[in-house]
Amino acid sequence: MDPRDANAEPQLELDTVKTNDSEVAVDKVEITPTYDTKQTKALLRKIDRHLIPFLSLLYLLSFLDRTNIGNAKLFGLEKSLGLVKNQYNTALCVFFVTYVLFEVPSNMILKRWRASMWFPIIMLGWGIVMTLTGLVTDFHGLVIARVFLGITESGLFPGVNYYITLWYCRRECAFRAAIFFSAATVAGAFGGLLARGINEMSGVGGKPGWAWIFILEGLLTVGVAIVAFWVLADSPKTATFLSEGEAKEVQARLAHDNEDLAAHYDTKFMWHAFMDWKIWMQCIAYLGILTPLYSFSLFLPSIIAAMGFSAATSQLLTVPPYVLGCLCTVLGGYYSDKLGKRGFFLLGFCSLAIIGYILLIATKIPGAQYVGTFLAACGVYPMIPIMVMWNGNNIGGSVKRGVGIAMQIGFGNCGGVIASFIYRNQDKPRYFTGHGTILAFLGLALIFIALQMVCLTHINKKRDEAYGSPDAYTSDMKRAESDRGNDASFFRYTI
């Protein structure tokens, strides 16, 4: 078969895989894809058109709905609900508690069920919760709403990061994840502008402006969730926008990229993930960058307002840092994929974020502090998709990868609990406690990123010396180690 033949299709056959419970038939795909470079690029563009824009929209709404409470605060939420002391921070915190607890279970449901059903259902759930948040009248109502918002939103981000690995090879994921995650920066910019406009509805229906922010943004989410039932595809094999030949080619590319590692469900792969020290190193590093992310997204309006600007002006001034952060996120993901490197980009972006927070904590000049917000946005936001994809790239086997990604994101989101309490009203206007804590977490991330690079480089070198090049392995040799995941002798880690 000529690999340059446009009509050539990889052959699929059934193989039998033994699990703990039974023997099941799974696809065994020839490891050699048949498309040439031009055909592959066209196929990827087709998948991109059908997946990435809509997934980005889902995450834009997710991030908008979880962080719009920061905008509502500037427009009188605390006063209207009679919040005192740390009650506002507590309301922020409870979201992350349930968010963290339900991430791994959600990814396991996604692995066993259909993405075209699971994503719209959880989205419908958080849209309804967000709408009802606009009806709360006291602290207890706000806390209950944030608890259920955490439960319903918990499945989207880890789920989509796993979902992307079902369509793209390892070196193609970071750019797509970066575009998807850049929606968070768009949400930050768009959220400030939208909140500024919606607040003008204050008094309509007897509701304050901050309540209409929750109601209207929640209704928008519900509308998009309904559309999602008909837009999302479950997998390349069942995607209606791919021809039979294209679907088989995607499966062949992934089989080749995954090096015949296990794709079937078995509970032992969950335990493999929990026992892998490399995943826990990723979790700690991710905590170090997610704490700054949430503090930035939740408190940027307050940080800028503390520089001496009015509430309305502060909302508008949040837009430029997010716009530049969005650009850096997309470019960082693109070049990380292009060069096949993750750690070096993470070190660079982490250093940039540290410089930004040094400017925020070391000077009281508003102009210099505002420049610090740009550097912080350009450093923190690009790290998220690269870090998640670095973890996914280095986990062998689809079940272990799904669990490992959920572990990382779940553990990292504990940073949201921390971020909820470090920017306190009594610390205005300099927020020394908040900025200092964020610098400590960024330093932690920097150390663990560097440690991972050293450890993974050492493991790759030892495997090369002991087993030779992975290119020398046949498909049968790789299948013999398929259940070993990233511990297989032919697996090489992305640095």
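Analyst: Let us begin with a single residue. This is a predicted model, and in it C169 is buried, because its relative accessible area is 10%, under the 20% cut-off.

User: How many disulfides does the structure hold?

Analyst: The structure holds zero disulfides. C93 is a further case in point: its nearest cysteine sulfur, in C414, is 9.9 Å away, and C93 is in no disulfide. C93 has 11% relative accessibility and therefore counts as buried.

User: How should I read aromatic pairs, and how many are found in the whole structure?

Analyst: A pair of aromatic rings is described by the distance of the centres and the angle of the planes. A search of the whole structure gives 29 aromatic pairs. One of them joins F95 and F96, with 4.9 Å from centre to centre and 90° between the planes, an edge-to-face arrangement. Both F95 and F96 are buried.

User: Why is the pair of Y334 and Y335 edge-to-face?

Analyst: The ring planes of Y334 and Y335 stand at 85°, with the centres 5.0 Å apart, so this pair is edge-to-face; the cut-off for that class is an angle over 60 degrees. Y334 counts as partly exposed because its relative accessibility is 36%. Y335, with a relative accessible area of 40%, is partly exposed.

User: Which residues form an aromatic cluster?

Analyst: One aromatic cluster is formed by Y59, F63, F95, F96, Y99, F157, F180, F181, Y294, F296, Y322 and Y381.

User: What does the radius of gyration say about the chain as a whole?

Analyst: A compact globule of 495 residues would have a radius of gyration near 23 Å; the chain has 23 Å, so the value agrees with that expectation. Along the principal axes, the C-alpha atoms fill a box of roughly 70 × 45 × 45 Å. The chain has 19 helices and two strands, and 59% of its 495 residues count as buried.

User: What share of the contacts with a separation of 6 or more joins residues 24 or more positions apart?

Analyst: Such residues account for 81% of those contacts in the chain. As for the surface, the accessible area of the chain comes to about 19,200 Å², and carbon and sulfur atoms contribute 64% of that area.

Definitions and conventions: Residues numbered from 1 in each chain as written. Predicted model: local features only at pLDDT ≥ 70, side-chain atom pairs only at ≥ 80, totals over all residues. Heavy atoms only, no water. Phe/Tyr/Trp six-rings, centres within 6.5 Å; stacked < 30°, edge-to-face > 60°. Buried < 20%, exposed > 50% of the residue type's maximum accessible area, 1.4 Å probe, protein only. Disulfide = S-S within 2.5 Å. Helix = DSSP H or I, 4+ residues; strand = E, 2+ residues; numbered from the N terminus. Rg over C-alpha atoms; globule rule 2.2 N^0.38 Å. Contact = heavy atoms within 4.5 Å. Areas by Shrake-Rupley, 256 points an atom, 1.4 Å probe, with all protein chains shown as cover.
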